[in-house]
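Biologist: I would like to go through this structure by question and answer. Please give the cut-offs as we go.

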Amino acid sequence: MSESIQDTRSTQALSGDISTYLAKPNYAEAIAALKAKFPNQLSVNLTVREQHGHTMTWLTNQPPDAVLTARDKQDVAAAVAICNQFSMPVIAFGIGSSLEGQLNAPFGGLCIDMHAMDTILEVHREDLTVTVEPGVTREQLNHYLRDTGLFFPIDPGANASIGGMVATRASGTNAVRYGTMKDVVLALEVVTASGEIIRTGTRAKKSSAGYDLTRLMIGSEGTLGIVTEITLKLFGISECIGSGLCHFPTVEAACEATMLTIQMCLPIARIELLDALQVKACNQYANLTLKETPTLFVEFHGSEASVHEQAHTFADIIAEFGGSDFVWDTDVAERKRLWQARHNAYHASAALRPTAKPLSTDACVPISRLAECVSETAKDIEDSGMIGPIVGHVGDGNFHVLLLVDTTDAQEIEAAEAIIGRLAQRAIDMGGTCTGEHGIGQGKQKYMPYEHGNAIGLMQAIKTALDPNNILNPGKIWPGSAAL
């Protein structure tokens, strides 16, 4: 592990400079004001509060002091204004599928639950755009669009809320063809730290008017504003969709086949890697009979002729790297069965060791370094004696490791943290990033200085300018972010 990363491990804001907040005895007054404003929407019940702390992470649960169920943008704006008046933290909550402690409240405060803000406001079929509230989920949106011939392509696996996907700059299985959230969000409505409602962007496909505040908000993890409305690009459903899988002798061979597929500009829609252990987990979890070797799941979109051409070209590519048993089909039921197995990868992996806690991490590298990075990571896991299946959206250089850790064993915890640290450094040293889509939250703060260097200061300056009282999701993204 690099010295730069080692030196910042103790600066995680998991506990943070809590004296910054304890010195301000205003929480009781703030909660009283919130209760007066929202008598039927505010809860201080401990169980409810704990449900709104972390969910899918092994970080300690740090619940907020209260939870507000917001019904509309005015509720959000009014609540944030009250919290700003009393310098009380505010954390936005969507579905709860984040993986790096973004939802924890290390300094207490108010959690604003956005799940009830789930209206699809406008669909403009001719412009291929839709405007939604943040509590709308990706599956809900695509179900709504099913008769329009359009679909929303960003698929991170979980049925995440659109607001949460904006906050973490989500991507997923379709990113290789359709991009990530930063590519499909046209405009946002945002509540600022003062409680003001602003708009960023328009429904036009491009603009040269001023700063790109939309992109600034995307991926900010609720630290710069709370999103209350999102305008998205949509895409036409292809005439023909073919899906299939193929097997490889090694993970490296599968990655090299992926690299050549991308370098040849084959317009593949999805190309997902499952290592042998992940395939075994999926077989056991979903009663499948896949060959337990490194496997690529693929999908082709286009006209019938185009899909056939893509499939035949892909078959030629994989043959160069020992790819075998390539089968594909345009049957809808078979496609759903295939991708359901991929989407269940987290739960399938966890079932390999039910007594352990799953620890999911990700990294992303330039496609030319993918095979090297994945192979070195797989060897690192094996040498450490840990169980850690690997899956990946390898078409864009992004892959995931799910370590299964006995959290009562200090040695296992140390080994897991060391693997994650080496993966982060490995990815950054290869010109990549410590996270392709999970975000930073609390869990990956220690890698930020190594990846961004002096740019951290500029990020902090932006944060201070937009949120001078540091109420918006404090203790997230960079080390020491509680004491700006």
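Biologist: In which loop is Arg-169 found?

Modeller: First, this is a predicted model, in which local features need pLDDT of at least 70, side-chain atom pairs count only at pLDDT 80 or more, and totals for chains, interfaces and linings use all residues. Residues are numbered from 1 along each chain as its sequence is written, and side-chain values use heavy atoms, with hydrogens and water left out. Helices (H or I, at least four residues) and strands (E, at least two) are DSSP runs, numbered from the N terminus. Arg-169 is in the loop between helix 7 (162-168) and helix 8 (175-178).

Biologist: Is Arg-169 buried, partly exposed or exposed?

Modeller: Buried means under 20% relative accessible area, exposed over 50%, and partly exposed in between (1.4 Å probe, protein chains only). Arg-169 has 38% relative accessibility, so the residue counts as partly exposed.

Biologist: What is the phi of Arg-169?

Modeller: Arg-169 is not a glycine, yet its phi is positive. The value is about 55 degrees.

Biologist: Which residues are closest to the centre of the second largest pocket?

Modeller: On a 1 Å grid over the protein atoms alone, a pocket is an open set of points where a 1.4 Å probe fits, with protein on both sides within 12 Å along at least five of seven lines; lining residues have an atom within 4 Å of a point. The second largest pocket holds about 720 Å³ of space, a volume being the space filled by probe spheres set on the points, which are joined across faces, edges and corners. Of its 32 lining residues, those closest to the centre are Arg-169, Ile-218, Gly-219, His-452 and Met-459.

Biologist: Which helices each supply at least two residues of that lining?

Modeller: The helices that do this for the second largest pocket are helix 10 (213-217), helix 18 (448-452) and helix 19 (455-466).

Biologist: How many disulfides does a search of the whole structure find?

Modeller: A disulfide is a pair of cysteine sulfur atoms within 2.5 Å. The sulfur of Cys-111 is 11 Å from the closest cysteine sulfur, in Cys-83, and is therefore too far for a bond. The number found in the whole structure is 0.

Biologist: Is Cys-83 buried or exposed?

Modeller: The relative accessibility of Cys-83 is 0%, so this cysteine counts as buried.

Biologist: Where is Ser-87, and is this residue buried or exposed?

Modeller: Ser-87 lies in the loop between helix 5 (73-85) and strand 3 (90-93). Its relative accessibility is 12%, so Ser-87 counts as buried.
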